[in-house]
Amino acid sequence: MGAVVAKRVLGSIGAIFGATVLAFIIMRALPGNPARLIVGPLATPHAVASVSHEIGLDKPVLTQYWLYISHFFQGDWGYSYADGKSVKALIGERLPATIELAIFSFALTMICAVVAALLVTYRQRPVADRILRGVAYVGFGTPPFFVALLLLIVFFRSFHVLPGPEGRLGLQAAPPPTVTHMYTLDALIAGQFSTFWSSFVHLLLPAIALGLSSFSFIVRLLRANLLEVSREPFLTVARGKGLRRWTAFRRHALPNAFLPTLTAGGLVLGEFLAGSVLIERVFNWPGIGSLVFDAIVKQDYAIVQTFILLSAVIFVLVNLVVDLLYAVIDPRVRIPSVATA
Amino acid sequence: MRLRGIIGGGGGGGSSRGGATDVGQRRREQVEPGRAAGNGLPDAARSDMALSVRNLSTVFEDGQRTVHAVRDVSFDMRPTERLGVVGESGSGKSALALSILGLIEPPGRVVGGEIHLGGREISKLSDRALGAIRGKDIALVLQDPMSALDPVKTIGAQVIEAIAAHNPEMRRGAARRRAAELLREVDIPQPERRLDDYPHQYSGGMRQRVAIAMAIANNPSVLIADEPTTALDVTTQSQVLALLDRLVEQHGTAVILITHNLGIVSDFCDSIAVMYAGRFVETSGVDHIFLEPTHPYSEALLKCVPNPERLADGPLPAISGFPPDLAQLPQGCAFQPRCPVGREIPECRRQPPRPHEVRGAAGAAIVECHFAEQRIKEVKV
Amino acid sequence: MSTPGASPNPAASALAGGEAGAAGAPVLEADRLSKAFEIRGDERLGRKVDVTVLDDISLAVRKGESFGLVGESGCGKSTLARCLLRLLTPSGGRVLFEGQDLAELDRDELRAMRRRMQFVFQDPFASLDPRMTAGALVEEPLLVHQIGDGEQRRAAVMEMLADVGLTAEQAERRPHAFSGGQRQRIGIARAFVLRPDVVILDEPISALDVSVQAQVLNLLRRLQTQLGLTYVFISHDLAVAEYFCDRVAVLYLGQVMELADRELLFRKPLHPYSVSLLSAVPVPQAGGRSRRAQRAQPIGEISSVVDRPKGCPFEPRCPVGRGREICKGERPPLVEHAARHWAACHFPGEMAIARANGSPPAGE
């Protein structure tokens, strides 16, 4: 097992390394001179040159690269070209919102997908099955922002049951004292139940909008895997031992069907954590998605290049966890099998 | 209704093993041809039998089509009897096994019949009640050892599961010891260490032994083995059959061995039922089938298999045509379109044959053929 | 091999029983053929293991005969078949087709050679492209080798389909509309449409029902006579091999254990492995149960291919040779112990055949 872990960790480091190189190259390939962007269109060439020197643009490429990654991993993320604020502070302000939404949406998506897939595969329910496949078909093809708008129209405008596009808590409420930066958790910790409830309902619509297409993908995957596994002989053998239907299903069908879903889940979580600009726009969600989008438009590359690396690292780490979980659950990964020709 | 005598050899008498003499004799008095009683069932299910099945029928409903997988099958098995069920794909033999165990899943369902296990009627029991019986009084071994074990659980966990399902009060340590004991019984070396290994680390032969260990864990009175050696090498097959032979002798288990291989049946079984299109077309003591196969299908099946003892050159007498579509069965005999005897005979085409009890040199047999009596005099292999 | 320093391939020619002018000169030969695969041993970083699947195999197939290759899992018969057709490149040794070393052919020459050697696969479901019609599948080899024009090809396809017992109307259907036996016929038609000289059949009937097996075997026999073919017939089913083949080679763990004419091998096997293999085959006949006790069973399981024993590969399980020094240390060469009967054993014939029926074989 240790060998498996070591291999995966090394692989992840390699992936991150590759991401840094790629990010660096892309950034350098983009049009525009960062020094000029900092000092503005009216500055003198002298000012441009001096800022260039300051941010190291006149150094050899390899040195620049080294500075780039060493600064990133030390936490020195530079300053925004647009307004001079520390990139770290800017991202730090916005990241919790994205993380909270990502985790909430992920949990909601996975739980719904598992329950739905189980419902239609444990017992033959042709009607429910068809409905589920229809929903998944539509959900997979509909762009999240469109879903978001539809949800708002239905639940906010027409029925007034859920809050509108007013961010994490709306305009009236004040955030709870900061512990984890997650409003839901912090509110619970502080005992502020009304705040908890408010942040919860504010999370619902964006989470559904964000998660619907991933839900569709995962539920179809899980459904197919469950159907396939439930035809396997070992399930019949388990029943032949005298196990009740649900017990046999739970112990033998579920773990085996889950494995490929695990991989898919990792991809989904990684994607959510990278932030979704459009959802954030629609709901006025103060996450990093819109921060980065604005930065791109304003050519504020300091933010962009940090974000590229940050999301690469997050993605790789999430997948590392998935890989290791896989090795834990599936013994075939960590123990070699008998070799027969 | 249908007549069913009790067919089979085995039981206590050593002389009837392999001998061609009194296999049917012993049973003769219980066979009653075609007597119409008040409820139409001349021969009700027997409570002194290990397993007694009457009129079992199973269908699979797939939208428009209804596939009749098992059609009105009846038979009895004495304790320690070994019945070989022989048929090709589409004969319904696997469906039969699952039907007896109550493991038919939608879109299939058992639509009729009675199953008496050790005197107790089990066909109408709930899944929960059947769960108490499966693995304990009647057990199952499946064909493909590669997929009969859960790949993500240890061998020990799976054997213990078979034990614990019927011994909930047993402690972990005791269950582990019992599991190791079972592995030792099936000739797996160093069983204590094997408990923590995973199925993919082992060969097909070993996995099949584990499957057998799980099946005999609670000393069932009936074991159903569905093609248990088909996926194994010849030498491994021989070893596994020898193992099975020893175990069922020791534990006194009755065995239904489902296979397409007549050689295995001749080695292992006391009685045989040849299955075609969901029905038992010929049921008899095992020697009868090889000496005087009466049903044309049995005869054809024997002849079309290359048999080293009958080194015949020239083309094998193959059975023409294809197995019937179980959703569109003909009105008369299901084998008729391919039958060298009945192909042109209107009676075979129109009338489904009733079971006929016949006697040959090797004992009695029940044959579903219009020409059973004539053929028993003619057929010599 | 067994005669070092002799001219190339005397052993193989001898194996073919080819005296000059004999009815069957060797048409396909394996000369000290070896094949090893590299597999990932463990998760330990970088450790790869070389698995030898074929270990110095020499044999020869005579023109016009049905040559059987029998063995259990791990014996390498499928790999051998693929090496013979050069679908796999051997790690050592040579494959000769009509005396021509296949390794010396360039791509075009090899392709031309392929016309004369064809392959029928085991799995009638997986070996046919589900999106092609039966007619298209049979036509494909003609297209690949650019034979004839459209009309001639179509005629050839129809004739071939008729030969295997399929109708013209069935040519338009796709594989899923056919039964296993019919699909195998399509596979056979596809292999035979080029009128090859040699056809290698890898377990062509194992996946079929018993009654269908007989039909396909009869078809293969008829086509062999009709087209003058040479067959290499791979099977794990000894009864079928005995029925169908003229000469049979028994393989174990990548080595030839015994090679002989059919009657010799099945009546008087010399090698203990052949003996146990034959006695393990259950024979359908009356009185089977009482005879089973007389089986001669090998001990334990087939050795892992990875963990090859050093001397004789069968030694660990051999009722005759287990533990004997010479068997453990020295690999027995394939030697002609009796007329046209080769065995690779230090003690051939020591284990008497006790057949499944318990009676000594005919002729003793």
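Biologist: Which residues touch the most other members of the largest nonpolar core?

Modeller: They are B:V159, B:A211, B:A213, B:I224 and C:V232, in a core of 251 residues. This is a predicted model, where local features need pLDDT of at least 70 and side-chain atom pairs count only at pLDDT 80 or more, while totals for chains, interfaces and linings use all residues. Residues are numbered from 1 along each chain as its sequence is written, with chains lettered from A and ligands numbered from 1 in the order in which they are written.

Biologist: What makes a set of residues a nonpolar core?

Modeller: The members are buried Ala, Val, Leu, Ile, Met, Phe, Trp, Tyr and Cys residues, joined through C-beta atoms within 7 Å. Buried means that 20 or more other C-beta atoms, placed from the backbone, lie within 10 Å of the residue's own. In chain B, 56% of the 381 residues count as buried.

Biologist: Why does this core lie between domain 1 and domain 2 of chain B?

Modeller: Because domain 1 (14-137 + 227-378) and domain 2 (145-219) both give residues to the core, it lies between them. Those bounds come from an automatic or database domain assignment.

Biologist: Which residues is C:V232 in contact with, leaving aside its neighbours within four places in sequence?

Modeller: Among them are C:V61, C:F67, C:L69 and C:A81. Contact here requires C-beta atoms, placed from the backbone, within 7 Å.

Biologist: And how many residues does the contact between chains C and B take from each?

Modeller: Chain C gives 38 residues and chain B gives 39.

Note on methods: Two residues are in contact if their C-beta atoms, placed from the backbone, lie within 7 Å. A residue is buried if 20 or more other C-beta atoms lie within 10 Å of its own, exposed if 12 or fewer, and partly exposed in between; C-beta atoms are placed from the backbone.
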